[in-house]
Amino acid sequence: MTDRITITRPDDWHLHLRDEAMLAAVTPDTAWHFGRALIMPNLVPPVVTRDEAIAYRQRIMAACPAGADFTPMMTLYLTEGTDADDLVGAARDGVITAVKLYPAGATTNSASGVRDIDKVMPVLEAMADSGVPLCVHGEVTDSDVDIFDREAVFIDRVLDPLRRRLPALCVVMEHVTTSDGIDYVRGGGDSIAATLTTHHLFINRNHMLAGGIRPHYYCLPVAKRETHRKALVAAAISGDSSFFLGTDSAPHLDSAKLAPCGCAGIYTSPNTLACLAQIFDQHDALDRLDGFVALHGAAFYEVPVNDGTVTLERTEEAQPVPQDRVTPEGMLTVFDPMVPIHWKVAG
Ligand code: DOR
Ligand code: ZN
């Protein structure tokens with residue numbers, strides 16, 4: 001039995017750090033163990049321009065603990081008013097790594113997102129020509145589409161037509177939650193990949209809704225039925241380089257989660273690596289953890305793998321869920337995977 005595993009210092013290819021007090025509270029949880037993270041731009045107001053990305057990057061660096069070896073990789077938030085030249089220039093100069101498409105109304109702070117994809121077609125064409133990857137929140141928002149079907153419908157109505165129109169566009173389907181998404185990415189060739197979150201590998205919709213409503217498991221895309229969760233786990237442990245980690249760790253204060261209309265988002269940064277080691281171990285796939293957390297994403301984004309390593313060790317006793325974070329504005333609950341975790345990051 002393997003009791004210790006050393007992996008390449010990993011990357012988180014989908015992370016929310018927020019701003020101000022929350023930024024200060026959560027950045028260390030990622031910066032200690034991850035080499036890089038792709039930072040989501042859904043602030044209020046969103047990060048739309050090159051200059052805003054530069055300023056946000058500086059605020060993130062200021063929140064990093066001294067001595068942490070962490071590089072934030074920035075994204076821009078695509079709006080119907082985005083300036084293609086500003087965006088392409090920011091990518092060319094290494095200010096940004098990707099652009100995020102939020103369908104308007106799909107999730108937290110997505111009101112400035114895209115209502116009509118035709119309106120952003122010139123920007124998407126410029127991105128395809130210049131090799132700038134597009135990260136998509138892959139859900140339609142039409143009120144007549146059931147929330148559990150929104151990802152599958154997005155693939156049919158938006159994503160597949162877009163990729164047929166712009167075959168050169170590199171797309172990351174973020175936080176895939178369905179077997180439909182997995183199948184689409186598997187058959188999609190080199191220009192498409194998908195991130196998988198930690199929490200969607202652990203929870204299905206019963207965790208959120210059976211026996212009481214558990215707001216700390218509410219996220220978007222919403223967790224689906226167990227057959228879908230199993231398809232996600234199979235993809236994560238498969239060694240297929242189209243799939244890599246993007247935690248979508250999305251901190252919200254408890255006061256915002258435990259409300260009549262609670263926010264979507266699960267805070268997984270503190271225990272993501274331990275949880276992933278547990279699930280890969282359970283499936284006899286520890287040898288593929290490195291690919292999922294450190295190699296596949298770097299290859300897709302065409303960046304070198306990180307220097308350095310992280311060692312995880314198995315523990316006889318189950319590890320407690322990390323303590324909830326105390327922020328100046330209130331408490332922040334850490335993801336409870338609801339199964340015993342016998343792994344931890346070594347000292
Ligand atoms: O659960 C989520 N939370 N999903 C998202 O797409 C956004 C995120 C957030 O920003 O809170
Ligand atoms: Zn997200």
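**Exercise 1. Sort the shell around ligand 1 by residue class: how many are nonpolar, polar and charged?**

Step 1: In this predicted model, the shell divides into four nonpolar, eight polar and two charged residues.

Step 2: Now pick out who comes nearest. Of the 14 residues around ligand 1, that's Arg18, Asn42, Thr107, Leu220 and His252.

**Exercise 2. Find the polar side-chain contacts to oxygen atoms of ligand 1, including the one from Arg18.**

Step 1: Start with Arg18, where a polar side-chain atom lies 2.8 Å from a ligand 1 oxygen.

Step 2: Go on to the histidines. The side chain of His137 has an N or O atom 3.2 Å from an oxygen atom of ligand 1, and for His16 the corresponding distance is 3.3 Å.

Step 3: Check the cover. On its own, ligand 1 has 290 Å² of accessible area, and the protein covers 100% of it.

**Exercise 3. Work out which residues coordinate the zinc ion (ligand 2), and where they fall along the chain.**

Step 1: List the donors. His14 (NE2), His16 (NE2) and Asp248 (OD) coordinate the zinc ion at 2.0 Å.

Step 2: Write the spacing, which reads H-x1-H-x231-D.

Step 3: His16 is in the loop between strand S2 (11-15) and helix H1 (20-31), while Asp248 is in the loop between strand S9 (243-245) and helix H10 (254-257). The pair links distant parts of the chain, 232 residues apart.

**Exercise 4. Look at the backbone: what is omega for the peptide bond from Val44 to Pro45, and what is phi at His175?**

Step 1: The Val44 to Pro45 bond is cis, with omega near -5°. Pro45 belongs to the loop between strand S3 (36-39) and helix H2 (50-63).

Step 2: Leu220 and Pro221 are also joined by a cis peptide bond, omega about -5°. You'll find Pro221 in the loop between helix H8 (205-209) and helix H9 (226-237).

Step 3: His175 isn't a glycine, yet its phi is positive, at about 35°. This residue lies in the loop between strand S7 (171-173) and helix H6 (179-186).

Conventions: Residues are numbered from 1 along each chain as its sequence is written. Chains are lettered from A and ligands numbered from 1 in the order in which they are written. This is a predicted model: local features need pLDDT of at least 70, side-chain atom pairs count only at pLDDT 80 or more; totals for chains, interfaces and linings use all residues. Side-chain values use heavy atoms; hydrogens and water are left out. A residue is near a molecule or strand if one of its heavy atoms lies within 4 Å of it. A polar contact is a pair of N or O atoms within 3.5 Å; within protein, one must be able to donate a hydrogen and the other to accept it, and residues adjacent in sequence count only if both atoms are side-chain atoms. Accessible areas come from the Shrake-Rupley method with a 1.4 Å probe; for residues, only the protein chains shown count as cover. Ala, Val, Leu, Ile, Met, Phe, Trp, Tyr, Cys and Pro count as nonpolar, Asp, Glu, Lys and Arg as charged, and the others, Gly among them, as polar. Donors are N, O and S atoms within 2.8 Å of the metal (3.2 Å for Na, K and Ca); water is not among the atoms, so sites may look incomplete. Helices (H or I, at least four residues) and strands (E, at least two) are DSSP runs, numbered from the N terminus.
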